[in-house]
Amino acid sequence: MKALFIGQSYIDVTFLSETMPEGDEKAIAQDYAVSFGGNAVTAAFVCAKLGIAPDLLCSMADDWLSRMFRDMAAKYSIPIHSCKVKESSLSFIMPKDGKRAIVRCRDNDFLHPFPDLNLAGCQALHVDGHIPHAALHYAKLCRKHGILTSLDGGAVRENTEELLDYIDVAIVSELFCEQLGKSPEDTLEYLRAKGVKVGGVTQGEQGLLWYEDKCPIKRQPALKVPKDRVIDTNGAGDTFHGAYVYAYLADPKGSWEDHFKTARAASAHAIQFLGNEASLPTVLDLDNVQKNFPAGDE
């Protein structure tokens, strides 16, 4: 095991449509994509596509959607460890004008305890908090063994406060800040006070506001992707997480500023494609994005 990612799995159905029908109306979409979905799940696929396949502990059912998901994971050589649920989860996603509307059908009523895994060789843990007891258990275990722990703070979840006591890297959303009732800057100071070594708030076109250890808060500007190239922003944050974990695994002694530059390029690549699988970047894609799109302050 090179790394362990933990989160809720989905099958995502993403479609482009000018209108959303109501009542007895019908509409024809211009395009669609079917792929894997979920925060830590998408991050795991990004890490694998870039060249380091992590293990994935996620929700799994005994149905045809889970079989589809397993086929997708096998394609990228991602070992699956199941947290058993009755039904697979689905997301219906409608990107439009740089935003995305989402309807989720989620089963997070876990039927059995999460599996006990051997972490031998594991160098990083990444969690999104969607399987809270498993996330906390493995965060504690990884902290005990000196394994890097990373949190996708897309939202404040039931045990986030306790979980943060065992997190080394926490990159959170603006929604996370709002739920805490804090500004992005105050949220970063909150993370710092919790002992998080590297903390950040993703802010879309404004880039990443972040700190490392006791250093002052600074901003990493986003890359300037022309608006007519932006197709689907869903999963861009998940891609960011997967790419910085990959960058860390590829170069554990590298700087976090460089790891986040890798992640920034991955997100800039991802938003130009429809659906999570089509948006997965290769290392060559990252190089091309960094050559073709300047940063906001350049």
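**Close-up views of a predicted model**

**View 1. Alanine 29 and the residues that it contacts.** Not counting residues up to four places away in sequence, alanine 29 touches Phe15, Leu16 and Ser17. In this predicted model, alanine 29 has its place in the loop between β2 (10–16) and β3 (31–37). With a relative accessibility of 37%, alanine 29 counts as partly exposed. The C-alpha atoms of alanine 29 and threonine 239 are separated by 25 Å, the two residues being 210 residues apart along the chain.

View 2. Nine helices and 13 strands make up the secondary structure elements counted in the protein. Its radius of gyration is 18 Å, close to the 19 Å that the globule rule gives for 298 residues, so the protein is as compact as a globular protein of that length. Taken along the principal axes, the box filled by the C-alpha atoms is roughly 55 × 50 × 40 Å. Of the 298 residues, 54% count as buried, and the protein exposes about 14,000 Å², of which carbon and sulfur atoms supply 49%. Among contacts between residues at least 6 apart in sequence, 64% join residues at least 24 apart. The protein carries 31 positive and 41 negative charges, and the mean positions of these two sets are 4 Å apart.

View 3. How many disulfides does the model contain? The count comes to zero, where a disulfide would need a pair of cysteine sulfur atoms within 2.5 Å. In general terms, a disulfide is a covalent bond between the sulfur atoms of two cysteines. For cysteine 47, the closest cysteine sulfur is that of cysteine 122, and the distance of 11 Å is too far for a bond. Cysteine 142 is likewise in no disulfide, although here the nearest cysteine sulfur, again that of cysteine 122, is 5.0 Å away. Cysteine 47 is buried, with a relative accessible area of 0%, and cysteine 142 is also buried, with a relative accessible area of 0%.

**View 4. Phenylalanine 176 in helix α5.** Phenylalanine 176 lies in helix α5, which spans residues 174–180. Is this residue buried or exposed? Phenylalanine 176 is buried, because its relative accessible area is 1%, under the 20% that marks a buried residue. Leaving aside residues up to four places away in sequence, phenylalanine 176 touches Gly153, Gly154, Ala155, Val156, Thr160, Leu164 and Thr187. Phenylalanine 176 and arginine 157 are 19 residues apart in sequence, and their C-alpha atoms are 9.3 Å apart in space.

**View 5. Arginine 264 in helix α8.** The place of arginine 264 is in helix α8, which covers residues 256–270. Arginine 264 counts as buried, with a relative accessible area of 13%. When residues up to four places away in sequence are not counted, the residues touched by arginine 264 are Gln220, Pro221, Ala222, Leu223, Phe240 and Ala295.

View 6. Alanine 74 has its place in helix α2 (residues 64–75), and serine 77 has its place in the loop between α2 and β5 (80–84). Alanine 74 is exposed, with a relative accessible area of 53%, and serine 77 counts as exposed at 55% relative accessibility. The phi angle of serine 77 is near 60°, which is a positive value in a residue other than glycine. Alanine 74 and glutamate 212 are 138 residues apart along the chain, and their C-alpha atoms are separated by 36 Å.

**View 7. Aspartate 213 in the loop between β12 and β13.** Aspartate 213 lies in the loop between β12 (208–212) and β13 (218–220). Although aspartate 213 is not a glycine, its phi is positive, at about 50°. At a relative accessibility of 42%, aspartate 213 counts as partly exposed.

**View 8. Aspartate 116 in the loop between β7 and β8.** Aspartate 116 is found in the loop between β7 (99–105) and β8 (124–127). With a relative accessibility of 68%, aspartate 116 counts as exposed. Aspartate 116 and tyrosine 138 are 22 residues apart along the chain, and a distance of 9.3 Å separates their C-alpha atoms.

Note on methods
Residues numbered from 1 in each chain as written. Predicted model: local features only at pLDDT ≥ 70, side-chain atom pairs only at ≥ 80, totals over all residues. Heavy atoms only, no water. Helix = DSSP H or I, 4+ residues; strand = E, 2+ residues; numbered from the N terminus. Rg over C-alpha atoms; globule rule 2.2 N^0.38 Å. Buried < 20%, exposed > 50% of the residue type's maximum accessible area, 1.4 Å probe, protein only. Contact = heavy atoms within 4.5 Å. Areas by Shrake-Rupley, 256 points an atom, 1.4 Å probe, with all protein chains shown as cover. Lys, Arg positive; Asp, Glu negative; His and termini not counted. Charge placed at Lys NZ, Arg CZ, Asp CG, Glu CD.
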